[in-house]
Amino acid sequence: MDRPIRVLIAKPGLDGHDRGAKVIARALRDAGMEVIYTGLRQTAEMIVNAAVQEDVDAVGLSVLSGAHMHYFREVTAALAARGATDVLLFGGGIVPDTDLPVLAGLGVGRIFTPGANTDDVVAYVRSEIARRRSQAAH
Amino acid sequence: MKPKEAWLADEYQAATTRMPEREAVFETLSDIPVEPLYTAEDLRGFDAGTELGYPGEFPYTRGVQASMYRSKLWTMRMFAGFGTAEQTNERFHKLLTAGQTGLSTAFDLPTLMGYDSDHAMALGEVGKCGVAVASLADMEVLFEGIDPEAITTSMTINSPANAVWAMYLAMAERKGADLAKVGGTIQNDILKEFIAQKEYIFPPAPSVKLVIDTFEWGPRVAPRFNFVSVSGYHIREAGSTSVQELAFTLADGIHYVRKALERGLDIDEFAPRVSFFFNVHNDFFEEIAKFRAARRIWARQMRDVFGAKDPRSWMLRTHAQTAGVSLTARQPLVNVARVAIQALAGVLGGTNSLHTDAFDEALSLPTEEAATLALRTQQVVAFESGVTNTVDPLAGSYYLESLTNDMERRTLDYFAQIDALGGVERAIEAGYFAKEIGDASWKQQRDIDERRRLVVGVNAFEQDVQEVPIQLVDAAVARVQRERLERVRRERDPQAAAAALDELRDRAKDGGNTMPAFMRAAHAFCTLGEQMDVLREVYGVYQEPVLV
């Protein structure tokens, strides 16, 4: 049997708006995943350390302060530096459409904006991890 | 006329047999059940004299002024701030030209967290969700061409509120203004930061102590300034219900009053300058009831529990802002309708000041066009809808008064729970608010995900996304900020700056009032980060327990 999906939900930087992060953490946990929530005010390095230590399949970043591009770049680079490029990085927050192609170019997965359905987030993480695991198995 | 119960059993039952009730949730957003009909029976025993009174009279349910909007409309105060002080100053001038009657400043996260723009933690955040203010030099640029005696300014600042307020007052003094004539508001509500928005720096006890310093100093030096705006807004944005917002906010206000009394202050000296800030969300009547209940509860607490004698101490004056959390990224133009309904609720609730959100705020900072449309929405309510023609037009509504009573009762129940935990600070440390709000926000999210509640464009009437233009923040902001900071550090008198920081350290250590030291530090061009570092060193920093 597959091991349960492990997800790190992280709040990078100074932004304290944690409603979304907590709701997503709870939704993923209720869906049977193992969820670690970092709490507030994390640096990219702290997030990636936690991701590696906890051996997670996915990292979800929540940013509502407008500083998302900065943090996605930093976390992507820090994951690469630790050789953790197989970890799915996805996110949510106040992210305009115009930034999406740049994030996709960095290898970032889906971004969920205000109004997103938590069932969609669960389904996305589940299918994306399943896809990656089956690729890794082949 | 037959009793309500009989009418429900006969006529209503028959009607819903012929045509069944829709499959909808007949509850307010706070999950208060809503009956099919309200009649005089729901207000049995209701004494309009004691529960409502006249507007401008205890318990102020109908509003804090006798003539309300017939004399003076609410202050149209749009929250603005982004990029550099120069850019935000330009937006301020445009908003004033567009008919706005007061200013409201949004600071960026490094400022809110007490870091200078060139601190490592500020990387990527400078000027993003507000304007960066790291010293008096930024404050002077921000209010260039604006007369602090003529325009009142609200500043959304909490942990570093003492320092930023001192910078504002120092700016006014350098313009030759008389501080006795300078009006405005600092948010300065640290309790709701621990409860909801999480922009705290120091532990609860020294944080509250800094707030009480302003209660003591403010009325003597800047008597037209509201030195606190006790805020439910952020509690609601964090996912609370309307009732939780009301109860936790008033509990916070009561906590400050108790702390100020412990310091030996006279309630009638400070209470008239305690102001409030509530959210206005989608549930129209519940929101109106919240404002009316808030005024009645506060007036009774202040007069009957705390013994305030001055009627101005009894009055709950409040700012309101439409609910950012209700805005959707999908079909963003639909947000214009949400904001209009929320604005109308705020006005029918008797707010004294209002910010209307721009429709594009689920996507980015508002563009100038979107912010102007939001201001125009208030102007339509004010000048076209007719709701301002008479004071508190909904008073006596069976439903609204029942709901107002119900919200008051539920709020008093929450007060009892918080007191049983040992008060607000203890309840914060016990994770009580985090759990209450977390559970409520989870339930609201599931109600939407599972379509028990419909949100237009999100889980009903879905359509392809309309593209709207968004506001971009210039990447040069951080550089401009860094350069001004470097100039400030280079050109100021280093001995004066060091001496001011020493005085601040002494006051933090000996427990004396810190405000004179903050004023001295502002005039000496000490940076915000330097001042907050002194306090971090003395008070320590707070880490909240991680709870999901």
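User: Which ring does the charged end of Lys4(B) sit over?

Analyst: The charged end of Lys4(B) sits over the ring of Tyr38(B), 5.0 Å from its centre. A charge counts as over a ring if NZ of Lys or CZ of Arg is within 6 Å of the ring centre and within 35 degrees of the ring normal. This is a predicted model, where local features need pLDDT of at least 70 and side-chain atom pairs count only at pLDDT 80 or more, while totals for chains, interfaces and linings use all residues. Residues are numbered from 1 along each chain, chains are lettered from A, and side-chain values use heavy atoms, without hydrogens and water.

User: How many aromatic pairs are there over all chains?

Analyst: The count is 28. Rings of Phe, Tyr and Trp (its six-membered ring) pair if their centres lie within 6.5 Å; planes under 30 degrees apart are stacked, over 60 edge-to-face and the rest tilted.

User: Why is the pair of Tyr38(B) and Tyr399(B) called tilted?

Analyst: Their ring centres are 4.8 Å apart and their planes stand at 35°, so the pair is tilted. Tyr38(B) lies in the loop between α1 (4-18) and α2 (48-51) of chain B and Tyr399(B) in helix α17 (residues 398-420) of chain B, so the pair ties together parts 361 residues apart in sequence.

User: What makes Phe58(B) and Trp314(B) edge-to-face?

Analyst: Their planes are at 80°, with centres 5.5 Å apart, so this pair is edge-to-face.

User: Why is Trp314(B) called buried?

Analyst: Buried means under 20% relative accessible area (1.4 Å probe, protein chains only), with exposed over 50% and partly exposed in between. Trp314(B) has 13%, so Trp314(B) is buried.

Terms used
Helix = DSSP H or I, 4+ residues; strand = E, 2+ residues; numbered from the N terminus.
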